[in-house]
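Subject: Structure handover and notes

Dear colleague,

I am passing on the structure below, together with my notes on what was found in it. Please read the notes with the model open beside them.

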Amino acid sequence: MSMVLTQTLRLCLGTAFLMVGGCGAGATDGTMAPTTNVLGALSRVTPVGLFGASTDEKTAADAQGVPVRDMEEVLTFVYKSVNSNYVDRAPLKPLVVAGLSGLSRLDAKIAVQDQGSSLRLTYDGKPIAQLDPPSNTESPSGWSRVAATGTALAESASPALRGIETDDIISALLNPALGALDPYTRYLSPAQARDEKASRSGFGGVGVTLDTEQIGVIRTVLDDTPAAKAGLVPGDRLTSVGDKPVQPLTQNQLIALLRGEIGAPVTLTIQRGEAPAFTRTLKRMKIYQTTVRGQRDDAGIAVVKLSGFNDGTLDAFKAQMRKLTDAGPVRGMVLDLRDNPGGIFRTALDIADLFLSDGPIMTVRDRRGIVSESVASAGDEVLPSKVPLVLLTNGQTASASEVLAAALQDRGRAVVVGSRSFGKGLVQTVYEDLPNKGEFIMTTMRLHSPLGYSLHKYGVVPTVCTSRQADAPTSAAQITADMRTPDFHPEDVLQARRTVDKATEAARETLVGLCPPLTKPRTNDVDMAVAESLLADPGLYARALPAPTIARKP
């Protein structure tokens, strides 16, 4: 579940290295070669010992064809970013120890022990080397050399490592270490980075989704795309892309053929039922994953489902709202954020702004203090403030979607219905310019709602909780009836949520129990039924809508 802000570094609310055959601080220290007698020798290696190597040593390393210095560049980039911008201060030595230990995922015989003044690297229980830390114990470049040296020595002893791709080794070296920081900080290989970027920022494509069971069968055709303009319809079967037949391809291979440079042509051969096959040449355009769907009923109730936030979501949301409002006056609206894992942080803020005319939306803070406070602007509202708005959440509502829910709840613009959200109040920065074209996604900031509370861990607590009720046809009616009783105090939810960061452990446990998060769909859509009851009864809606109370800045 991710949240991103993006630039070249984008903020997200996401090998065979030079495996040295001969490696050491000099001939007198012993030569590490991939033979069994190496394992009986213990060499002390400093960063300078490998990367300040003699010409002969460099030539020997280059002869192996293993890109040690490429690995060092990637590691330096990552370690420097952690050292400078991670949300909490994080010493580098534990990252290196965890990273070298991560090589055991590729060969279980590799192990490293932190001995305080040095790192002891072993293979199958036998010592390989003693790695000295850099003189500056917080030097990103110094620690990257230690990690690269250790990896090179591990490769010299491990036949398994010598057969593994560079990207896989970098991933094994970095991700166990980064995972120890938090669940959201991670490294992506170049291939993974391409897929992630396509998800965030779009890709050159033709505008179809494919059936997951039948290779080549079109499941949906997106509106206003090359495929739609060419007359393709669901159920059409692609038999070839260009001169390549579809039949032997995997789904991923077919998708790769359909995608390409924006504006570039691609010729498709299509089979439709029993009719003769026909061809169409389409010009690729930028395609975004569909994240917005909407509908309205005859009574003027609009329902918009947001399934994520990418670079195309804001424009798609505005277009959907225009379509819904052009069809006639909207009497009420449901914004469904259930199962929305998040996405681009800025997009969530921009959508919140469409429902607010002024005042705070969200504050982000890094480890040095407040980074910025987002404030709503007037003039771009997509729905009049007098029109009731109900927002749905569940235990899979996370990250950027929690930003949107918290902003509209705190500001008194929406009644939140459902269960407590996931509780991911951390923002990740996406560094897109790693030397090897991979990506580094790192937690850099914490989110605080307009009322001042941190979104992390406890998430958004609905004004109207549905998760305490059984999954039964009568549940919505019971919840609606409870809202009409004197015991219903929606303002208590916001007060409990606002103060939980400084509350006692008992108070925190009480808040957690107020509305347990639901992560699985119900047979009966209790949330939607309650939302419909609120929108059908202006008095009940007004009773459930807490008056906005904006906290003073901390």
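The structure holds one disulfide, a term used here for a pair of cysteine sulfur atoms within 2.5 Å. The partners are Cys465 and Cys515, whose sulfur atoms lie 2.2 Å apart, and the link is right-handed, with 95° about the S-S bond. This pair links distant parts of the chain, 50 residues apart, since Cys465 sits in strand β26 (residues 464-465) and Cys515 in the loop between α16 (505-514) and α17 (526-536). Helices (H or I, at least four residues) and strands (E, at least two) are DSSP runs, numbered from the N terminus.

Before going further, please keep in mind that this is a predicted model, in which local features need pLDDT of at least 70 and side-chain atom pairs count only at pLDDT 80 or more, while totals for chains, interfaces and linings use all residues. Residues are numbered from 1 along each chain as its sequence is written, and side-chain values use heavy atoms, with hydrogens and water left out.

Strand β26 also belongs to an open sheet of six strands, which has the order β16-β17-β18-β22-β23-β26 and mixed pairing; two strands count as paired if DSSP finds at least two bridges between them. The edge strands of this sheet are β16 (292-296) and β26, each of which pairs on one side only. Within the sheet, strand β18 (residues 332-336) pairs with strand β22 (residues 389-393) in the parallel sense over four bridges, and Met333 has Leu389 in β22 as its bridge partner.

A second open sheet is formed by four strands in the order β12-β11-β13-β14, with antiparallel pairing. Its edge strands, β12 (244-245) and β14 (278-283), each pair on one side only. Strand β11 (residues 237-241) pairs with β12 in the antiparallel sense over two bridges, and here Ser240 stands opposite Pro245 in β12. Four bridges join β11 to β13, again running antiparallel, with Arg237 opposite Gln271 in β13. Between β13 and β14, which run antiparallel, there are six bridges, and Ile270 stands opposite Phe278 in β14. These two strands, β13 and β14, form a hairpin with six residues between them, and Gly273 in the turn has a positive phi of about 60°. Helix α10 (residues 251-258) lies across β11, β12 and β13 (265-271), running at about 65° to β11.

Turning to the helix pairs, two packed helices are described by the angle between their axes and the distance between the axes. The axes are lines fitted to C-alpha atoms, for helices over the stretch in contact, and the angles run from 0 to 180 degrees between N-to-C directions. Angles under 35 degrees count as roughly parallel, over 145 as roughly antiparallel, 65 to 115 as roughly perpendicular and the rest as oblique.

Helix α3 (residues 68-85) packs on helix α5 (residues 140-157) at an angle of about 140°, with the axes 8 Å apart, which makes α3 oblique to α5. The contact, meaning heavy atoms within 4.5 Å, includes Trp143 and Arg145 of α5 as well as Glu72 and Tyr79 of α3. Its residues divide into nine nonpolar, five polar and three charged, where Ala, Val, Leu, Ile, Met, Phe, Trp, Tyr, Cys and Pro count as nonpolar, Asp, Glu, Lys and Arg as charged, and the others, Gly among them, as polar.

Helix α4 (residues 93-102) and helix α7 (residues 166-179) pack at about 130°, with their axes 7 Å apart, and α4 and α7 are therefore oblique to each other. Leu95, Ala98, Gly99, Leu100 and Gly102 in α4 meet Ala172, Leu173, Pro176 and Ala177 in α7, so that by class the contact of α4 with α7 has seven nonpolar, two polar and no charged residues.

Finally, helix α11 (residues 313-326) and helix α12 (residues 345-353) pack at about 25° with their axes 9 Å apart, which makes α11 roughly parallel to α12. Thr313, Leu314 and Phe317 in α11 meet Thr347, Asp350 and Ile351 in α12, and the residues of this contact divide into three nonpolar, two polar and one charged.
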